[in-house]
Amino acid sequence: MYGKVIAAVAAFAGCMSVLGMTFDIFRMVGHPINQSGFFPLLVIIAAIAVVASFGRESTQPWVEVCRVLAFAGIALIFANLFGPIGLFAILAGVIVAYGYPALAGWNYLFIRRPLEQRAMNEESFSAKLNADTELAEAMLRHERARAALVDAEDAVAKAEQTEGLRRPWG
């Protein structure tokens, strides 16, 4: 697990370095990139990627970090170069890349997962109820055995008393 976290942090640092160098190259060429919308764009794409990660069977964190930062950086560059049309084009690419996994992840997070948790709770409740039922049945058997023992002791005492009345010499 720690290896994946370290790989994701390294990928983040590497991608941010590449984005910084790309923005510097655009600045040197004469197209300064306005970076004011980078963080909200990054947060939106990262949120979509997180939901989409629940819709995939396996996800490599460092690949997702690189993909998210690449989409955010390209979106920022396209938005500066081509205006809103470039931004919409990149958002369409995000929808294509994350569309089905995001829907599957949404389904898992808000439909399947709560149902699975409810089923696990009901299974544990059922197990507890079965244990309580077994305990109650054992207590009932114990009380029946105790009552049978008391009845047997009374019968023995009565028999001894009756036997004592028959034999006056004993």
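Q: In which helix is Tyr108 found?
A: The model is predicted, so local features need pLDDT of at least 70 and side-chain atom pairs count only at pLDDT 80 or more, while totals for chains, interfaces and linings use all residues. Residues are numbered from 1 along each chain as its sequence is written, and side-chain values use heavy atoms, with hydrogens and water left out. With helices (H or I, at least four residues) and strands (E, at least two) taken as DSSP runs numbered from the N terminus, Tyr108 is found in the helix of residues 84–166, which is α4.

Q: Which residues is Tyr108 in contact with, leaving aside its neighbours within four places in sequence?
A: Contact here means heavy atoms within 4.5 Å. The C-alpha atoms of Tyr108 and Ala7, 101 residues apart along the chain, are separated by 26 Å. Once neighbours within four places in sequence are left aside, the contacts of Tyr108 are Phe54, Arg113, Pro114 and Glu116.

Q: What does the C-alpha trace of the protein chain span along its principal axes?
A: Among contacts in the protein chain between residues at least 6 apart in sequence, 73% join residues at least 24 apart, and 19% of the 170 residues count as buried. Along the principal axes, the C-alpha trace spans about 130 × 30 × 25 Å.

Q: How many residues does helix α3 have?
A: Helix α3 reaches 31 Å from its first C-alpha to its last, close to the 32 Å expected at 1.5 Å a residue, where the expected span is 1.5 Å times one less than the number of residues. Just after α3, Gly83 takes a positive phi of about 75°. The helix itself covers residues 61–82, and its number of residues is 22.

Q: Which residues of α3 are buried?
A: Pro61 has its place in helix α3, but at 26% relative accessibility Pro61 counts as partly exposed. Trp62 is found in helix α3 as well, and with a relative accessible area of 42% Trp62 is partly exposed. The buried residues of α3 are Glu64, Val68, Leu69, Phe71, Ala72, Gly73, Ala75, Leu76 and Ile77.

Q: Which residues is Trp62 in contact with, leaving aside its neighbours within four places in sequence?
A: The C-alpha atoms of Trp62 and Ala8 are separated by 4.0 Å, although the two residues are 54 apart along the chain. For Pro61 and Ala47, 14 residues apart along the chain, the C-alpha atoms are separated by 14 Å. With neighbours within four places in sequence left aside, the contacts of Trp62 are Ala7, Ala8 and Ala11.

Terms used
Buried means under 20% relative accessible area, exposed over 50%, partly exposed in between (1.4 Å probe, protein chains only).
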